[in-house]
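Here is a brief report on one protein model.

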Amino acid sequence: MDSNFNSTYKQYKTALTALVISFESIGTVFSDGDRNIIKTVNFEGKTLNIKSFKEPNFINKIAYQYFRKSKAKRSFEYATILNEKGVGTPEPIAFFEFNNGFGFGKSFYISLHQSPDLTYRELVHEPDFPNHEEILRAFTRFSFDLHESRIEFQDHSPGNTLIFITDSGYDFSLVDLNRMQFKTLSFKERMYNLRRLTPKREMVKIMSDEYAKLIKKPNTEVFEIMWNFTSEFQKKFHSKQKRKKKIKSLF
């Protein structure tokens, strides 16, 4: 077993290890996807998220064993970096990797649970959400600040930014962190990074308007590139969904 702990939680190493070992029989399922399961667990007066990553296929077992960091380890390390940079994300607590008889097996990432007021997804599906445009512009400023801080959040999608309404405005927190890069982003890379967020032209218009002010480029130029990347992503996404439906209909 390999693991690492936030220094604040090292004193609970034995108890946290026991939690992941007994993952199947504890806690409440918070999210149950095709690949990963997240459970919430009460621990020392706090609510924790324990994310269990699907055991990889044979090729990835070898890759994670010898060549690549696991998703759990990356999640922990990237969350630690974000915290150091002052970027919102649930507090990282620990990660665990277990080997089975054939190499790399299960892995787990533990973080502090957060309960947001909404996610970006609500902005997409609820156009009448109170202060919709105000929140969208604040989110765009948050995304710009990520880019300025040399952070490429590669899973920048509707469900992966938690939004908190505060007395002074809005706070944002990133989740699902295992795909990130830390590098200087070109203008086109910045626009490409925002392609997955919404299929709605009117939302892209607002985001491009706000981003243009921050990056000091013409609004028309920012909108054109942002919308082209968005449209391209949507076409590929819907094409992929159609293929999946056809395959399912054969069985």
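How much space lies in the second largest pocket? About 180 Å³. The model is predicted: local features need pLDDT of at least 70, side-chain atom pairs count only at pLDDT 80 or more, and totals for chains, interfaces and linings use all residues. Residues are numbered from 1 along each chain as its sequence is written, and side-chain values use heavy atoms, without hydrogens and water.

A pocket is an open set of points on a 1 Å grid over the protein atoms alone where a 1.4 Å probe fits, with protein on both sides within 12 Å along at least five of seven lines; lining residues have an atom within 4 Å of a point. Closest to the centre of the second largest pocket, among its 13 lining residues, are Lys54, Glu55, Pro56, Asn60 and Lys71. The lining divides into four nonpolar, five polar and four charged residues.

Two nonpolar cores follow. Each is a set of buried (under 20% relative accessible area, 1.4 Å probe, protein chains only) Ala, Val, Leu, Ile, Met, Phe, Trp, Tyr and Cys residues joined through side-chain atoms within 4.5 Å.

| Core | Size | Residues, among them |
|---|---|---|
| Largest | 45 residues | Tyr120, Leu123, Leu174 |
| Another | 17 residues | Val20, Val41, Phe108 |

In the largest core, Met191 and Met226 are also among the residues with the most contacts. Helix H5 (132-148) is one of its contributors. H5 gives the most, with seven residues.

Threonine 161 is in strand E9 (residues 161-166). Its relative accessible area is 0%, so threonine 161 is buried. Beyond four places in sequence, its contacts (heavy atoms within 4.5 Å) include Leu118, Tyr120, Phe139 and Leu174.

Notes. Helix = DSSP H or I, 4+ residues; strand = E, 2+ residues; numbered from the N terminus. Buried < 20%, exposed > 50% of the residue type's maximum accessible area, 1.4 Å probe, protein only. Points joined across faces, edges and corners; volume = space filled by probe spheres on them. Nonpolar A, V, L, I, M, F, W, Y, C, P; charged D, E, K, R; others polar.
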